[in-house]
Amino acid sequence: MASSSVSSCIGKSLFSPDLHQQKQQNDSMTKMLGVTSPINTASPKPIDIQRTKELEECLKQYGLYETDEELTHRMEVLGKINKLVKDWIKEVSIRKNMPSNVAENVGGKIFTFGSYRLGVHTKGADIDTLCVAPRHVDRSDFFTSFVELLKEQPEVKDLRAVEEAYVPVIKMTFDGIELDMLFARLALKDIPEDQNLRDVNLLKNLDPRCVRSLNGCRVTDEILSLVPSIEGFRLALRAIKLWAKRHGVYSNVLGYLGGVSWAMLVARTCQLYPNAAAATLVNKFFLVFSQWPWPKPVLLKQPEENKLSFVVWDPRINVADRFHLMPIITPAYPQQNSTFNVSMSTRAVMQEEFKQGMALTDDIILGKADWSKLFEPSNFFAKYKHFIVLQAAASSKDHHLEWHGLVESKIRILISNLERHPSIALAHINPESHSAPEPEPDTFQSMWFIGLQFAKTENLNVDLTFDIQSFTDTVMRQAMQINLYKPGMKIEAKHVRRRELNKYLPPSVTAKLKKKDKMSSTTAQNSLNSTPIPESRGDAKKTLHQSRSDSSLTQAVDGKPTIGKHNRLSLDVVTPDSINSSLSLGHKRRREPSELDAEIKRFHSANSDSTTSLDVGNSSKDAWVPFLEKSAGESEDSTNDSQFKHPVPGQQHALNTR
């Protein structure tokens, strides 16, 4: 099994008898990793090793590791694709009047990146690939003649070419393995087998689309070079990715974090705890990022000088970069923010999940719980009583596949519209899409659910007509512009209450909802009766015990709005097809601080000090986290937190209604 090799490598890298010599090597190495010095360089204790073994055994139960046969099959698929690329480049070269003996040696190669290159891909996961071609092969050749060549291959299924995308891509299934293939043309007459893509000079004279395509491979290679222990990093990243997927915070397109962003956060944790075992890294991951003073950026290394004049992430120069709420900066030039889709709502959801993850992993490290507790899925539908159901339908499977992708890529616009509404404090999008339980004949449909949390105000009158209409207009306009719209494509948005979800969800989901409904209500009431409410801004610096209490309070207040009989709430949603859904019911809410209140307090507290206090009781070296120190030569008037923070008007109104 592949997992046994991982265990073997961990044993060699962390549990070697010559631990003192390795520790000295690691200490010297960590001086060059990251933008700050490590928090703790202590070697793993026997209990840390035991918890790491337990973590790996737990991950095996979730089927994350492939067998040797499955790994071999992936290698065979990549070999076939690589041969197809070489043959195609040779054919294109000859067609462009290149002598056949020269065309034989121009090369061309397939590179991998993403989870497969990082060594953390799961069973059945896709492979991100990059086709690198010499200068005489154009992108138009890739999306014409190469696509035609793929169509002739019996192993190829579900072939789609998306040339108009920000990063143009060919998607397909090759012999049962899903592949995403990008294209980059280098300014070289040939591509040798040992071509290294980390050389910045390769970017000279390249068009922006080629630079963006190359960025995936360059970032992946940089991440692997910036962690002190690759095997410890891989095991911790597998755990964090599984946790993120099970808790509904894994989706770059919907405003959460994608695979590369999670990888960079884990890599930063490895830099801060360079000799820690994987189990400790998982715990410290939640410790660090539950307290991280966003929007301060996460950096794996100091940004490189902009010698080639590409657009790089720099809020001192680019005004748009100052609005990014959760910047995680890629380590390869030209450095970019991998989380520009994050919104106020998705950041608030992730911050709450970080706090809960810290409490759970603390218990796991102390032996009070096992690792499976961390990977229990969250019950999204039990957290809210009001939802917007977004439906995308098309008349054929192929049309629906394209329509699904476009609508999903624009949902973040709807979230932003809702956040600006003065009566909405949180718009929580569930990354999982659902099919209709009883679809109409000859109709293919997808549904997304957005949980709504209203501001703590009385006598609410919520009208979302404009917010919904502007979103649907944007989607339809985009579909028309790129010639994607086909007859039969529809998009609708409806308001539903939790008790009406059985019309839209399969019985397996609604059954879990009914079981937990009464339990959630009881837990919320108990938390409200027993948990103190922080009032002062100084409460942003909390001990671990206090953070747990606040986490319970936030979940109780924000997750379970209370409905009474005295106040009236009316919610009207109008779709492009003029389908109206009206709601009239009592709405009474407790006047407790929301998660966004707490987040604002933490932000202001972080501004008053360059470090944040963390009291975990394990080591004195853990008491202070150097989030982002000034680099050598940085002046006092450099960019500070204030130029990053631009509250959404609707959010600010919600905060002021306490």
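**Exercise 1.** In this predicted model, describe how the axes of helix H13 (residues 397–420) and H14 cross and which residues meet.

Solution. Two packed helices are described by the angle between their axes and the distance between the axes. Here the axes of H13 and H14 come within 9 Å and cross at roughly 145°. The crossing in which H13 passes H14 is right-handed. On the H13 side, the residues in contact are Trp403, Leu406, Val407, Lys410, Ile411, Ile413, Leu414, Asn417 and Leu418. They meet Asp467, Ile468, Ser470, Phe471, Thr474, Val475, Met476, Gln478 and Ala479 of H14. By class, the residues of this contact comprise 12 nonpolar, four polar and two charged.

**Exercise 2.** Check the span of helix H14 (residues 465–481), then find where its buried residues lie around the axis.

Solution. H14 has 17 residues, which at 1.5 Å a residue should span 24 Å. Next, the buried residues are Asp467, Ile468, Phe471, Thr472, Val475 and Ala479. Seen down the axis of H14, they fall within an arc of 120° and therefore line one face of the helix. Phe466 and Gln481, on the other side of H14, are exposed. Just after the helix, asparagine 483 takes a positive phi of about 60°.

**Exercise 3.** Repeat the span check for helix H11 (residues 278–289) and state how many of its residues are buried.

Solution. For 12 residues at 1.5 Å each, the span should be 16 Å, and the end C-alpha atoms are 16 Å apart, which agrees. With buried meaning under 20% relative accessible area, 12 of the 12 residues of H11 are buried, so the helix is largely enclosed by the rest of the structure. Among them are Asn283 and Lys284, along with Phe285 and Phe286.

Definitions and conventions
Residues numbered from 1 in each chain as written. Predicted model: local features only at pLDDT ≥ 70, side-chain atom pairs only at ≥ 80, totals over all residues. Heavy atoms only, no water. Helix = DSSP H or I, 4+ residues; strand = E, 2+ residues; numbered from the N terminus. Expected span 1.5 Å × (residues − 1). Buried < 20%, exposed > 50% of the residue type's maximum accessible area, 1.4 Å probe, protein only. Arc of directions from axis to C-beta. Axes fitted to C-alpha atoms, helices over the stretch in contact; angles between N-to-C directions. Left-handed = near helix turned anticlockwise from the far one by under 90°. Contact = heavy atoms within 4.5 Å. Nonpolar A, V, L, I, M, F, W, Y, C, P; charged D, E, K, R; others polar.
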